[in-house]
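Work through the exercises below with the sequence and coordinates at hand. Each task is followed by a solution in steps.

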Amino acid sequence: MKKLFIKTYGCQMNFYDSDHMSNLLNDHGYETSEQIEEADLVILNTCHIRDKAAEKMYSDLGRIKKIYENNNLIKPIIAVAGCVAQAEGKEIIRRSPWVDLVVGPQAYTDLPKLIKKISKDSKEKEINLKFPEIPKFDSLNFDKKTGKVSDYVTIQEGCDKFCSFCVVPFTRGPEYSRSRKSILEEIKIMAQNGVKEVILLGQNVNAWRDNSNKSKIYNLGCLIEDISKIDEILSIRYTTSHPLDMDLDLIKAHKNVDKLMPYLHLPIQSGSDNILKKMNRKHTASEYLKIIELVRKYCADIAISSDFIVGHPGETNEDHKKTLDIINEVQFASSYSFMYSERPGTKSSELNEIVDECLKKIRLQEVQNRLNHHQLIFNKKMENLNLNILITNKNKNYQLLGRSPYNQTVYIYEQNSPVKKNDQKLIGSVLNVKIIKSNQNSLLGAF
């Protein structure tokens, strides 16, 4: 068989897409390899959220070219997929003319056909950035063994929110929800192949709807209830949510569905109404706080995480202070924070109120210090608790690995005797683990 090497950048959705690219190409004579030097086909599945991710791709393309030139190897077919492909298209070919194929995130099911064309004429370039009429999910083969205990399922793609800093509506297209039937079929196959936990993915995952039944609203809360009825599935998570789509059915699911983990990733981006308006978030800080209050009413111990963008054009010291204030008010269990990164073509890139880079770095450090403070406090509360942990893997030190219900990484050991190096029987099982120690980003437990 020919060899396929895939490198994935960015979000979990890209990793889900890479898995399906691999499965698709396996059916067309390609075997996945971790050695780029032996590859007949190289795919970079890219992310376009921040400028550094795009430049990293161009740097990797240069490095790949040198690998083959310096080792006198036959050049493979080189493809760029994902969101940078969708956003930059011909620019990729111009900057890196040794790239043979550019394919957008909605069109990768055409890869076998496109590769066949390139194989006939090495000078030919193929660019496919179409949004197909037949959704890509209808062309994927889900009957593959993953070998994973916990795995992702994309249920929703695209975005209609048009936040002023974000390229997702342009790279992933409008909001699209997969059918309930398609999702449940995939999860049932995953369950038969050993998956015990599913993580539902979407750019705005809680915008998911199935409108096939015109007489009934069928939303994410309903879908989670249906997934929970699949016996082999022991744990359900979802990410990423938008505040505008946090409906009551989903909030109530956190109380009523035992398999749904008490964790919610709900980005706010800024604590300042001034910046939220510039970002076109369509909600205020107080409206966000009311959602958090309602969520905690139904699930008091839920862990809330968020995203923050620091240094958006027009951000003042007072705006920054309001972000620090909302972090203190919500006391997030964990969060991601980034300096604002201009993306060409977005509304934010047209604003002239640029924040100095040095000031952005100072503000980012202050935000991260505040977030880390609350994360450490939240983790500390786990000490001496007994938590049910789904064991997903072992690390190189032969410690068992899992995630707490609150999404913390947990390193686990057996109290009376160390787990044997070749003992795999506990992977996929749920253990009652006592948390012995907490760290900034993880927990240590014993059973």
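The model is predicted: local features need pLDDT of at least 70, side-chain atom pairs count only at pLDDT 80 or more, and totals for chains, interfaces and linings use all residues. Residues are numbered from 1 along each chain as its sequence is written, and side-chain values use heavy atoms, with hydrogens and water left out.

**Exercise 1.** Determine whether helix α8 (residues 220–228) is enclosed or open.

Step 1. Helices are DSSP runs of H or I with at least four residues, strands are runs of E with at least two, and both are numbered from the N terminus. Buried means under 20% relative accessible area, exposed over 50%, and partly exposed in between (1.4 Å probe, protein chains only).

Step 2. The buried residues of α8 include L220, L223, I224 and I227.

Step 3. Eight of the nine residues are buried, so α8 is largely enclosed by the rest of the structure.

**Exercise 2.** Classify the aromatic pair F308 and F332.

Step 1. Rings of Phe, Tyr and Trp (its six-membered ring) pair if their centres lie within 6.5 Å; planes under 30 degrees apart count as stacked, over 60 as edge-to-face and the rest as tilted.

Step 2. The F308 and F332 centres are 5.5 Å apart with 80 degrees between the planes, which is edge-to-face.

Step 3. F308 is buried at 0% relative accessibility, and F332 is buried at 1%.

**Exercise 3.** Which ring does the charged end of R95 sit over?

Step 1. The criterion is NZ of Lys or CZ of Arg within 6 Å of the ring centre and within 35 degrees of the ring normal.

Step 2. The ring is that of Y58, with the charged end of R95 3.7 Å from its centre.
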